[in-house]
Amino acid sequence: MSELSTAACAVLEAGRKGLAAPAGAREQMQAQVFTAAGVAGPAASTPASPSPVPLPLAAKLFVVGALVVGGVGIGWWSLRDTPAPPRAARVAVTAPPAVAPPPQVTPIAPPAPPAPVPAPAPAARPTRAKNRAPVPSPAAGLADELRLVSAARGALVDGNPRAALAKIATYERRFAHGELAPEAAMVRIDALCAAGRVADADAEVDRFVDRWPNSPHRRRALLGCAAAGKGTNR
Amino acid sequence: MGMGASDTAAARRLAAPPAAADEAPPSFAEVYQRGFDYVWRSLRALGVRDARIEDAVQDVFVVVARRLPEFAGRSSIETWLFAIARRIAQRHRRTESRHEGRSEALPEDLVDTSRPGPRAAAETTEATRLLLSLLDQLDDDKRALFVLVEIEQKSVPAAAEALGIKLNTAYSRLRLARQRFEAALARHNQKELP
């Protein structure tokens with residue numbers, strides 16, 4: 001087999017030095033990596049960086065998720081240790097907050113929203129409707145999405161991953177390009193893990209990351225079944 | 001260029017498959033400590049831009065944490081890390097392609113000297129920029145093999161195992177990769193002539 005020329009070897013030798021991690025990068029990234037990986041920090045044998053540790057990514061995601069919960073009543077499932085109880089989230093689906101959420105705050109990169117059109121007030125809850133800000137018609141579809149995804153998450157919380165998967169399948173039939181598709185996919189991953197279908201969950205993780213590489217749920221998805229307690233954190 | 005810097009038992013354990021089936025895989029912390037530099041370097045060589053390298057490194061270790069319990073010692077940890085790094089690098093490159101409107105990173109973007117933090121301390125030399133631009137001329141399969149053999153200095157059998165390809169395929173692919181690398185270098189030198 002032909003070897004590389006002297007010139008090519010020289011390029012390799014000189015160039016690969018610059019590929020190395022800069023000094024201190026390992027220590028500087030340690031806290032955020034361990035947090036993102038859901039692993040307890042190592043023993044004190046490894047010195048931490050003396051510089052201030054930035055807010056861990058998971059904590060940032062939590063803050064964003066909390067903002068989203070306040071706005072549209074979802075996102076409580078974005079991190080499993082979110083303190084909001086599932087029941088509260090289910091209530092939020094049927095009773096959106098009185099204050100209209102800023103439309104630009106959403107965990108999903110949305111297309112430009114269509115012109116707002118007042119939605120008919122639900123007959124079953126007239127008093128609540130009076131207190132609501134005008135809701136654009138797409139919100140009705142979004143509420144349906146929320147109801148389905150929350151029902152799926154509720155089934156999962158109740159220990160019924162098969163029911164959760166069925167509800168997610170229903171969601172995907174009805175909302176092929178739904179606003180909450182990433183959240184639905186997260187529920188599917190968790191349900192597959194809960195059902196012991198780890199390989200299927202891994203495949204779903206791959207699809208998730210390919211489809212939504214910039215989703216705030218991305219790292220949570222990458223944890224896959226490890227986050228669902230099927231793995232071992234060391 | 002291997003993973004380990006110090007000749008410790010832990011470094012040896014990471015560089016080689018477990019000797020016995022009942023030997024426990026290394027802990028996450030151990031893999032992080034010993035594998036960080038290797039992962040970083042591999043990701044850079046596989047085309048992850050400087051602006052994305054920390055995200056990519058973090059992604060690799062998130063996957064490591066998820067999959068470490070499944071690691072059965074069929075290959076060395078180093079080989080396993082490379083396979084993960086390769087997938088993450090592909091994802092990041094696809095992300096760039098989709099969301100930044102680039103089919104491939106421009107050579108001048110591959111080394112970003114303006115960003116603060118640890119990246120700013122990197123040796124961002126012209127030689128590295130040239131090397132990365134030449135590697136960009138290889139397709140993904142050839143690049144991965146070339147990186148393993150020519151940058152990480154693995155044997156061809158070890159690289160074939162890491163990439164899950166037959167030995168004969170590895171040899172023929174490496175020959176092609178070397179030819180393309182040389183051709184890309186010749187084109188570069190031709191441009192540089194006055």
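A:Gln30 is found in helix H2 of chain A, where helices (H or I, at least four residues) and strands (E, at least two) are DSSP runs numbered from the N terminus. This is a predicted model, in which local features need pLDDT of at least 70 and side-chain atom pairs count only at pLDDT 80 or more, while totals for chains, interfaces and linings use all residues. Residues are numbered from 1 along each chain as its sequence is written, and chains are lettered from A and ligands numbered from 1 in the order in which they are written. With 22 C-beta neighbours inside 10 Å, A:Gln30 counts as buried; a residue is buried if 20 or more other C-beta atoms lie within 10 Å of its own, exposed if 12 or fewer, and partly exposed in between, with C-beta atoms placed from the backbone.

Chain A contains 10 helices and 0 strands. Of its 234 residues, 39% are buried. Contacts were assigned where the C-beta atoms of two residues, placed from the backbone, lie within 7 Å. In chain A, 51% of the contacts with a separation of 6 or more are between residues 24 or more positions apart.

Chain A has a mean pLDDT of 65, with 53% of its residues at 70 or more. The pLDDT is below 50 over residues 44–136 of chain A, a stretch that has 107 contacts in the model beyond near neighbours in sequence. Where pLDDT is low, the predicted coordinates should not be read in detail.

The contact between the chains takes 44 residues from chain A and 47 residues from chain B. On the side of chain A that touches chain B, at least two residues each come from helix H1 (6–16), helix H2 (25–37), helix H9 (198–211) and helix H10 (218–223). H2(A) gives the most to this side, with 8 residues. By class, this side of chain A has 24 nonpolar, 14 polar and 6 charged residues; Ala, Val, Leu, Ile, Met, Phe, Trp, Tyr, Cys and Pro count as nonpolar, Asp, Glu, Lys and Arg as charged, and the others, Gly among them, as polar.

A:Val209 lies in helix H9 of chain A and is buried, with 22 other C-beta atoms within 10 Å. Leaving aside neighbours within four places in sequence, A:Val209 is in contact with A:Arg218, A:Ala221, A:Leu222 and B:Arg91. The C-alpha atoms of A:Val209 and A:Ala221 are 7.6 Å apart, and the two residues are 12 residues apart in sequence.

Chain B contains 9 helices and 0 strands. Of its 194 residues, 44% count as buried. Residues 24 or more positions apart make up 67% of the contacts in chain B with a separation of 6 or more.

A nonpolar core is a set of buried Ala, Val, Leu, Ile, Met, Phe, Trp, Tyr and Cys residues joined through C-beta atoms within 7 Å. The largest such core has 90 residues, of which B:Leu43, B:Val60 and B:Ala85 touch the most other members. Helix H8 (residues 181–194) of chain A supplies the largest share of this core, 10 residues. Domain 1 (1–122) and domain 2 (137–194) of chain B both give residues to this core, so the core lies between them; the domain bounds come from an automatic or database domain assignment. Not counting residues up to four places away in sequence, B:Ala85 touches B:Val39, B:Ser42, B:Leu43, B:Leu46 and B:Val60.

In helix H7 of chain B (residues 140–151), the 12 residues should span 16 Å at 1.5 Å a residue, and the end C-alpha atoms are 15 Å apart, which agrees. The expected span is 1.5 Å times one less than the number of residues in the helix. Of the 12 residues of H7(B), 10 are buried, so this helix is largely enclosed by the rest of the structure. Among the buried residues are B:Lys142, B:Arg143 and B:Glu150.

B:Gln153 has its place in the loop between H7 and helix H8 (156–163) of chain B. Although not a glycine, B:Gln153 has a positive phi of about 60°. B:Gln153 counts as partly exposed, with 13 C-beta neighbours inside 10 Å.

Terms used: pLDDT = per-residue confidence, 0-100.
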